[in-house]
Amino acid sequence: MSTMETCALDPAEVAAAIHDACLTDIRAFKPGNVSLASPGHGMSARDFVASADAMAAVIAVPGASVGRRILRAIETTRAVVAFNTNLGIVLLCAPLAHAAVEASGECGLRARLQAVLAALDVNDAVLAYQAIRHAEPGGLGRAERHDVADAPGVTLLEAMREARERDLIARQYVTDYRDVFDTGMPALRGALARWARPEWAAVAVYLEFLANFPDSHVAGKHGGEIAAAVSGEAGLLVQALGRASDPAQEMPALEAFDRQLKARSINPGTSADMTVATLVAMDLEDSLVRRFHECSAEVAAGE
């Protein structure tokens, strides 16, 4: 077996990466979304911490399919909270976890993930649909084809392709997480390089997604016009943060935006889910590179 084929990550390491990303996300002050400093929408930070504790323990188990990871993660989450806190996070993180823990002929996360998504089958869709129904997400609505209330007759990738125009998470499945890698990760690395503060980097990533992609959750509940208006306001904050040597200088503006959104029951949850996925993807990508170099050194030492 080649070096690259043996260089999967330890499941505990992957679970820790997902758990850490969820905690960073909840510590970050993301306007309109729940954080340690600002509860909202009938939820508090402790609900999200409990959800992270529950789902991270099962989403990276070895040998499970992507669909099984999704279902187990939602089942364990609903055992500790009575409402949907992390369906989007789970849908995004399950393929990432699978790509990292299973053996592959590829070193880089992006190539590994592409192979995982291409291999999704009908059973993955069956299990994912069960998980979505169990999570009971708000604002889901009905679809003419491949609705989650029905038994799927297509692969999970095909089902996501049907929803890609209205749902940013579905779009990640059919674009090999292009927006995570090409929008989220550069914003994350740039913010970390400037400020070296993970929570503020998460805020920057959240606003970047919110500014560039009208939030799917907001659009589903409030309509495309409101989602577009929220994106425009987020864009102004992206510009302000870009000028700030200390991001804390922008807290008054962030707090005002947070109050405005929560007063109107607007929760850009998809942008928060994409932020977690970006944090996870960067962690796993860097860990896979380190693991590959370790494997290469081990092989060289044994020759």
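**Entry 1: H3 and H6**

I started with the contact in which Val66, Gly67, Arg68, Ile70, Leu71, Ile74, Glu75 and Arg78 of H3 meet Asp124, Leu127, Ala128, Gln130, Ala131, His134 and Ala135 of H6. Contact here means heavy atoms within 4.5 Å, and helices are DSSP runs (H or I, at least four residues) numbered from the N terminus. The model is predicted: local features need pLDDT of at least 70, side-chain atom pairs count only at pLDDT 80 or more, and totals for chains, interfaces and linings use all residues. Residues are numbered from 1 along each chain as its sequence is written, and side-chain values use heavy atoms, with hydrogens and water left out.

I sorted the H3–H6 contact by class and got 8 nonpolar, 3 polar and 4 charged residues. In this sorting Ala, Val, Leu, Ile, Met, Phe, Trp, Tyr, Cys and Pro are nonpolar, Asp, Glu, Lys and Arg are charged, and the others, Gly among them, are polar. The axes of H3 and H6 cross at roughly 15° and come within 7 Å. Axes are lines fitted to C-alpha atoms, for helices over the stretch in contact, and angles run from 0 to 180 degrees between N-to-C directions. That crossing makes H3 roughly parallel to H6; the classes are under 35 degrees for roughly parallel, over 145 for roughly antiparallel, 65 to 115 for roughly perpendicular, and oblique for the rest. I noted the crossing of H3 and H6 as left-handed, meaning that the near helix is turned anticlockwise from the far one by less than a right angle, with clockwise giving right-handed.

**Entry 2: H1 and H4**

Next I looked up helix H1 (residues 11–27) and helix H4 (residues 87–101), which pack at about 150° with axes 10 Å apart. H1 and H4 are therefore roughly antiparallel. Their crossing is right-handed. Pro11, Val14, Ile18 and Cys22 make the contact from H1, and Ile89, Cys93, Ala97, Ala100 and Val101 make it from H4. I found 9 nonpolar residues in this contact, no polar and no charged.

**Entry 3: H10 and H13**

How are H10 and H13 set relative to each other? Their axes are 14 Å apart and the packing angle is about 50°, and H10 and H13 are therefore oblique. I recorded a left-handed crossing for H10 and H13. Trp200, Val203, Leu207 and Leu210 of H10 touch Met251, Leu254 and Phe257 of H13. The classes in the H10–H13 contact are 7 nonpolar, no polar and no charged.

**Entry 4: the buried residues of H7**

In helix H7 (residues 156–163) I listed Leu156, Leu157, Ala159, Met160 and Ala163 as buried. Buried means under 20% relative accessible area, exposed over 50%, and partly exposed in between (1.4 Å probe, protein chains only). These residues span an arc of only 160° around the axis, which puts them on the same side of H7; the arc is taken from the directions from the helix axis to the C-beta atoms. They pack against helix H3 (66–78), H4, helix H5 (109–118), helix H6 (122–135) and helix H8 (168–174).

I then checked Phe213, in the loop between H10 and helix H11 (216–222). Phe213 is buried at a relative accessible area of 13%. Not counting residues up to four places away in sequence, Phe213 touches Leu168, Arg171, Asp179, Thr183 and Ser231. I also noted that its C-alpha atom lies 17 Å from that of Met160, 53 residues apart along the chain.

Ala228 is in helix H12 (residues 224–243) and is partly exposed, with a relative accessible area of 41%. From Ala228 to Asp215 the C-alpha distance is 8.0 Å, at 13 residues apart in sequence.

Ala191 is in helix H9 and, at 5% relative accessibility, counts as buried. Which residues does Ala191 contact, leaving aside its neighbours within four places in sequence? I found Ala196, Ala201 and Ala204.

Ala196 itself is in the loop between helix H9 (178–195) and helix H10 (198–212). Ala196 has a positive phi of about 55° although it is not a glycine. Is Ala196 buried or exposed? I have Ala196 as exposed, with a relative accessible area of 60%.

Ser265 also has a positive phi, about 60°, and is not a glycine. I placed Ser265 in the loop between helix H13 (251–263) and helix H14 (269–302). Ser265 counts as partly exposed at 45% relative accessibility.

How values were computed: Helices (H or I, at least four residues) and strands (E, at least two) are DSSP runs, numbered from the N terminus.
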